[in-house]
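Dear colleague,

Please find below the structure that I am handing over to you.

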Amino acid sequence: MTTKKSPGRWAWVKWIFIVPIVLFLAVQAYFFVQIWWWVDHNPTMTAFMRQQQAVMREKDPNATVRQQWVPYERISRNLKRAIIASEDANFSEHDGVDWDALEKAFERNDKRGKVTHGGSTITQQLAKNLFLSGSRSYLRKGQELIITYMLEALMDKQRIFEIYLNVVEFGRGIYGAEAAARYYYRIPAAKLGAAQAAKLAVMLPNPRYYDAHRNTKYLNRRTAIILKRMGSAELP
């Protein structure tokens, strides 16, 4: 004797699969529309800025981030070359992801048994700063890749780099080239010299640490290396 399967039970099974898919697509649509808007409108606070400002306000309720938007042309070419030389030498050529760098990062993470290296390009770093948290996981990395390809599809390289230069973290509460130049050197971003730009670029992987430790041997040695590489950096 056969028994009929409860239609209510199968409805629940369908919803278990359908709801997550719908939510996922809705989130991606939000990211896509926001990026489309930023093609010709400048972002203000990014997700990463908001997160860090909230952390700062746990100690000081009045704490706020420092960030001042400046157009691409008003940012020193020295800083542009230094950041490309230090962070993403193939920025002008790749499609947003450097798969060789990702593979090397995966191998290092596999050896350590945890995610410690991201292998991120400038576009990937921008994707993370605009929308995601600073946590490290393969799930977040997957979302980062989706946003990265959206950025590359909707924006040209110069626009991606312009936004990156204006929102990237340079120290505790310091975001963007203009705020960094004024905070560290008391000059506008347009007037950054080669050595100043190289040092700022080298600080990027760990800006809060180097904000508090500005003359470590590694920082000075790496700055000298980037100074030598800057001449061959290709700008978008």
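This is a predicted model: local features need pLDDT of at least 70, side-chain atom pairs count only at pLDDT 80 or more; totals for chains, interfaces and linings use all residues.

Helices H5 and H7

Helix H5 spans residues 122–131 and helix H7 spans residues 157–167. The two pack at an angle of about 55 degrees, and their axes are 10 Å apart. That angle makes H5 oblique to H7. The crossing of H5 with H7 is left-handed. On the H5 side, the contact is made by Ile122, Thr123, Gln125, Leu126 and Leu130. H7 contributes Lys157, Ile160, Phe161, Ile163, Tyr164 and Val167. Sorted by class, the residues of this contact comprise 8 nonpolar, 2 polar and 1 charged.

Helices H3 and H7

H7 also packs against H3, where the axes come within 12 Å and cross at roughly 95 degrees. H3 is therefore roughly perpendicular to H7. From H3, the residues in contact are Leu79, Lys80, Ile83, Ile84 and Glu87, and from H7 they are Phe161, Tyr164 and Leu165. This contact has 6 nonpolar and 2 charged residues, with no polar ones.

Helices H8 and H9

Helix H8 (residues 177–185) and helix H9 (residues 194–203) have axes 11 Å apart and pack at an angle of about 110 degrees. This places H8 roughly perpendicular to H9. The two helices form a right-handed crossing. Ala180, Tyr184 and Tyr185 of H8 meet Gln196, Lys199, Leu200 and Met203 of H9. By class, 5 residues of this contact are nonpolar, 1 is polar and 1 is charged.

The second largest pocket

The second largest pocket holds about 200 Å³ of space. It is lined by 14 residues, of which Ile84, Ala85, Asp88, Ala89 and Asn90 are the closest to its centre. Two elements give two or more residues to the lining, namely helix H3 (77–87) and helix H11 (217–229). H3 gives the most, with 4 residues. The lining divides into 4 nonpolar, 4 polar and 6 charged residues.

With kind regards

Notes:
Residues are numbered from 1 along each chain as its sequence is written. Side-chain values use heavy atoms; hydrogens and water are left out. Axes are lines fitted to C-alpha atoms, for helices over the stretch in contact, and angles run from 0 to 180 degrees between N-to-C directions. Angles under 35 degrees count as roughly parallel, over 145 as roughly antiparallel, 65 to 115 as roughly perpendicular and the rest as oblique. A crossing is left-handed if the near helix is turned anticlockwise from the far one by less than a right angle, and right-handed if clockwise. Contact means heavy atoms within 4.5 Å. Ala, Val, Leu, Ile, Met, Phe, Trp, Tyr, Cys and Pro count as nonpolar, Asp, Glu, Lys and Arg as charged, and the others, Gly among them, as polar. On a 1 Å grid over the protein atoms alone, a cavity is a set of points where a 1.4 Å probe fits but cannot get out, and a pocket is an open set with protein on both sides within 12 Å along at least five of seven lines; lining residues have an atom within 4 Å of a point. Grid points are joined across faces, edges and corners, and a volume is the space filled by probe spheres set on the points.
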